[in-house]
Amino acid sequence: MRKEHIIFWVLTILLFAEPTYGQIIHGRVKNERGEPLGYANVYENGTTNGTTTNEEGYYKIELTREPSELVFKFLGYQTKTIHFDSFSVEQQKDVTLTSENYTIQQVVITAGEEDPAYEIIRKAIAKRKYFLQEVKEYSCDVYIKGIQKIIEYPKRILGIKVDLSEFVDEKTGIIYLSESVSKYNFKYPDKVHEEMISSKVSGSNKSFSFNQAASMDLNFYENLLDFGDISQRGFVSPLASNALFFYKYQLEATYVEDGVVINKIKVIPRRKNDPVFRGHIFIQDSTWRLHGAGLWITKEAQIEFVDSLYINQVYIPVDNTKEIWMRGSASFHFGFSFMGFKGGGDYLAVYSKYNVTPMFPKKLFSKGEFMKVQKGSNKRDSVYWQQIRPVPLTNIEIQDYTKRDSLRVLRESDVYLDSLDHRSNKPEFGNLLTGYTFRNRKKKTSYSVSSPINSIQFNTVEGWNAALELSKTKDFEDRKEYRIFALGRYGFSNERLNLIGGATYQFNPKRFGSIGISGGTILNQFNEDAPITPLINTIYSLADRKNYMKLYRKDYISLDAGIEVFNGFKLDMNLTYAERSPVENTTDYSFSKSTSRDYTTNTPLNLNADPVAYEANTAFLTTLNITYVPGQQYISRPDIKYILGSPYPKFGLNVCSALKNVIRSDDDFLFYEFNVTDDLDLGLIGTFEYRLAYGSFLNSSPDYFYDFRHFNGNQTIVSSFSDRRFENLDYYAYSTNDNYFTASVSHGFGGFILNKVPLLRKLKLNEVVSARYLRSGTFNDHFEVGFGLEKLGFIRVDFVTAFDENGHVKSGVVFGFKGLLGPE
């Protein structure tokens with residue numbers, strides 16, 4: 001045989017031969033009592049290859065070396081290392097870990113002495129910044145498994161039937177089970193880019209997981225940790241620079257793990273109602289680095305929506321020298337009970353393939369894309385997941401996947417969709433209050449009729465009036481959608497029917513692209529922001545003869561379009577041709593029999609507007625609204641884009657032009673408004689928000705009151721607490737055809753003050769102070785301040801005092817729901 005033939009066959013054998021490594025080791029990890037140890041860490045020594053056990057203690061890992069060592073680690077137990085010399089087939093290896101109580105050195109403290117934990121904590125805090133910045137950038141793979149359960153829920157809420165049987169497993173309570181694998185990239189101090197490459201959602205092969213590695217990236221070397229909606233303030237880390245002000249510490253034990261002395265330290269809040277943790281942290285001796293953490297947040301820390309949250313983190317060495325330690329795993333467990341709903345959830349993250357010297361592309365973090373979900377990430381088959389899944393599924397999870405995947409096939413069938421439509425399309429008596437929708441799920445089409453009862457209102461122009469809206473909506477696979485509607489409203493006093501209709505088409509959901517057309521005859525408030533809702537006006541009119549709503553008739557046709565040109569930069573455009581005319585009161589009906597107050601006319605009271613301003617006119621209006629949010633971060637999914645926010649303010653420019661002599665139009669002006677808004681997280685003392693706006697008419701001022709700049713005043717005790725709303729200002733007294741400036745600031749302390757008051761802190765109230773300022777043309781300056789209390793982020797009551805340049809003072813109380821019952 002020729003030499004080259006020998007080389008060819010040797011290379012062929014080497015290329016296609018089965019490798020002697022990459023074999024699977026699986027088994028179960030228990031303690032000495034035979035109890036399974038869930039979420040124990042299992043990793044291959046000297047590598048970043050690792051996994052954790054599932055809730056039942058089972059694990060599975062593919063080795064990458066021969067020979068190799070597996071390290072089994074669980075906080076509070078003695079670490080065990082097992083050597084594997086050679087392996088050629090899949091092996092089972094069950095492991096028993098010994099509780100640290102059997103090998104532990106108990107700590108005895110003499111009365112009057114400082115607990116040794118304090119000296120350890122001081123040294124750990126002294127190295128906090130070093131470890132925070134030790135790894136300036138890194139990349140890794142993150143496997144996440146998330147499961148959420150609803151154990152109990154009410155059958156009715158406010159008389160409305162609640163049926164979650166289609167979504168909640170009646171035996172296990174599982175409502176959401178999902179797995180994902182992401183490539184996670186981080187650059188100090190806060191640059192993140194995550195790419196989800198695999199996604200699996202129980203019961204759906206079309207959905208994408210909502211798991212997110214960044215949401216589990218809690219770094220206890222940071223002073224404050226943000227937990228989003230469950231608290232308006234950050235939580236103080238046990239290793240924060242000011243941690244000794246918030247915590248007491250006890251050294252419970254020391255033990256040796258792989259030649260390293262570990263200090264188990266109990267973390268105790270000095271004041272249980274502060275935003276703090278409780279539980280244990282594990283600190284390595286001599287290096288003073290964090291070795292692991294098992295910490296709780298409870299209701300005593302003033303959290304909302306959840307009763308408790310448990311966080312477990314285990315750190316492992318990610319380099320051969322064992323000088324750099326990173327998270328090997330992290331798990332969250334939470335429970336909640338809210339308005340009759342009870343449940344909880346578990347999330348597990350397993351980190352692997354760390355690279356602490358990555359070469360990131362230059363623009364990886366500059367595009368604003370915080371997370372990207374790959375288009376085909378939800379198309380992975382079961383073989384892929386069996387190979388990639390680092391944590392075995394529990395029996396309950398296997399059953400849920402099997403059951404829901406079987407049901408999915410059924411629920412996607414035409415027979416099932418027809419039966420579901422047949423059941424849900426049956427009219428019920430409650431539809432008189434909620435409206436009725438006829439669905440054809442197979443064609444993704446629905447037809448709706450609004451409630452004839454909820455639309456009944458009263459105003460002094462129409463008297464009692466009722467409206468009915470008919471609509472059709474068509475959905476497409478890629479979230480594109482069109483909707484057509486027709487709305488009729490009849491006034492029983494003025495005996496007039498107003499009709500409008502229109503259509504909208506959402507053609508690019510990822511860029512918020514939409515177009516629309518509408519037209520007809522409608523009664524509009526002079527302020528198109530509608531500062532008072534029809535319901536509130538109805539109550540005030542009928543109960544106290546206060547007809548705050550002022551209306552005019554508009555016959556119009558309007559075209560709308562909007563698109564995000566590039567990330568953070570959005571354009572909205574409108575063309576409107578309208579014939580506008582005044583209307584008068586046609587009734588003085590009221591429940592109130594008092595003769596001390598009469599209804600006011602339908603003409604808004606404004607000193608700058610002469611009688612001509614309220615006459616009929618025709619206008620051709622073009623409006624351009626530009627918003628720009630620099631540094632806007634977002635999550636990009638295959639079919640939609642979710643905005644996360646930005647560290648920078650939001651800038652807005654609104655330009656409105658009235659063109660004369662266009663189809664008899666007789667209005668002529670050019671208006672602009674520039675505004676800026678932002679909210680600033682100030683850590684323990686809460687959140688500060690502001691909005692500033694300046695507007696002016698450039699070439700000429702409008703002659704008609706319809707085109708004046710109106711401000712969102714309030715003369716009732718109900719509010720939506722918008723940053724554009726003045727709580728103690730007449731609706732039209734400051735309307736202007738001149739320049740103006742407005743400023744609004746508010747600060748929510750998130751319980752920082754009332755948390756110190758024993759009885760009040762149980763209510764978990766957010767203290768809000770606010771101030772608003774208005775300078776409008778030649779009017780006196782208007783200034784108001786308020787102090788309020790907020791619950792659950794939206795229920796609020798404020799005491800407001802208003803001042804003007806003449807020293808007039810007006811005070812009052814307003815209450816309501818943030819974002820509801822008024823303009824935004």
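1. Salt bridges. A search of the whole structure, which is a predicted model, finds 42 salt bridges, a salt bridge being a side-chain nitrogen of Lys or Arg within 4 Å of a carboxyl oxygen of Asp or Glu. One of them joins the side chains of Lys-403 and Asp-169 at 3.0 Å, N to O; Lys-403 lies in helix α5 and Asp-169 in the loop between β12 (160-161) and β13, so the pair ties together parts that are 234 residues apart in sequence. Lys-403 counts as partly exposed at 38% relative accessibility, whereas Asp-169 counts as buried at 11%, where buried means under 20% relative accessible area, exposed over 50%, and partly exposed in between (1.4 Å probe, protein chains only). Helices (H or I, at least four residues) and strands (E, at least two) are DSSP runs, numbered from the N terminus.

2. Basis of the values. Residues are numbered from 1 along each chain as its sequence is written, and side-chain values use heavy atoms, with hydrogens and water left out. Because the model is predicted, local features need pLDDT of at least 70 and side-chain atom pairs count only at pLDDT 80 or more, while totals for chains, interfaces and linings use all residues.

3. Glu-469, at 23% relative accessibility, counts as partly exposed, and Arg-483 is partly exposed with a relative accessible area of 27%. Arg-479 is found in the loop between β28 (463-475) and β29 (481-491), and its side chain meets that of Asp-639 in a salt bridge of 3.0 Å, N to O. Asp-639 lies in the loop between β35 (633-637) and β36 (640-645), so the pair ties together parts that are 160 residues apart in sequence. Asp-639 is buried, with a relative accessible area of 18%, while Arg-479 is partly exposed at 38%.

4. Backbone geometry. Most residues other than glycine have a negative phi, and most peptide bonds are trans. Arg-479 has a positive phi of about 70 degrees although it is not a glycine. Tyr-39, likewise not a glycine, has a positive phi of about 65 degrees; Tyr-39 is placed in the loop between β1 (24-31) and β2 (41-44) and is buried, with a relative accessible area of 19%. The peptide bond from Tyr-188 to Pro-189 is cis, with omega near 10 degrees, and Pro-189 lies in the loop between β13 (174-187) and β14 (191-201).

5. Val-135. Val-135 and Tyr-188 are 53 residues apart in sequence and 8.0 Å apart in space, C-alpha to C-alpha. Val-135 lies in the loop between α3 (128-133) and β10 (137-152) and is buried, with a relative accessible area of 11%. Leaving aside residues up to four places away in sequence, Val-135 touches Ile-324, Met-326 and Val-356, contact meaning heavy atoms within 4.5 Å.

6. Strand β20. Of the 9 residues of strand β20 (residues 290-298), 8 are buried, so the strand is largely enclosed by the rest of the structure. Strand β19 (residues 278-284) runs antiparallel to β20 and is joined to it by 6 bridges, with Ile-281 opposite Ala-293 in β20; two strands pair if DSSP finds at least two bridges between them. The hairpin of β19 and β20 has 5 residues between the strands, and Ser-286 there takes a positive phi near 75 degrees. Strand β21 (residues 308-317) is also antiparallel to β20, with 7 bridges between them, and Ser-308 in β21 is the bridge partner of Thr-298.

7. Helix α6. The buried residues of α6 are Tyr-416, Leu-417, Leu-420 and Asp-421. Seen down the helix axis, these residues fall within an arc of 135 degrees, so they line one face of α6; the arc is that of the directions from the helix axis to the C-beta atoms. They pack against α5 (395-411) and β25 (436-440), whereas Val-415, His-422 and Arg-423 are exposed on the other side of α6. Phe-429, in the loop between α6 (414-424) and α7 (431-434), is exposed, with a relative accessible area of 72%.

8. Whole chain. The chain holds 8 helices and 45 strands, and buried residues make up 49% of its 824 residues. Its C-alpha trace spans about 100 × 80 × 55 Å along the principal axes.
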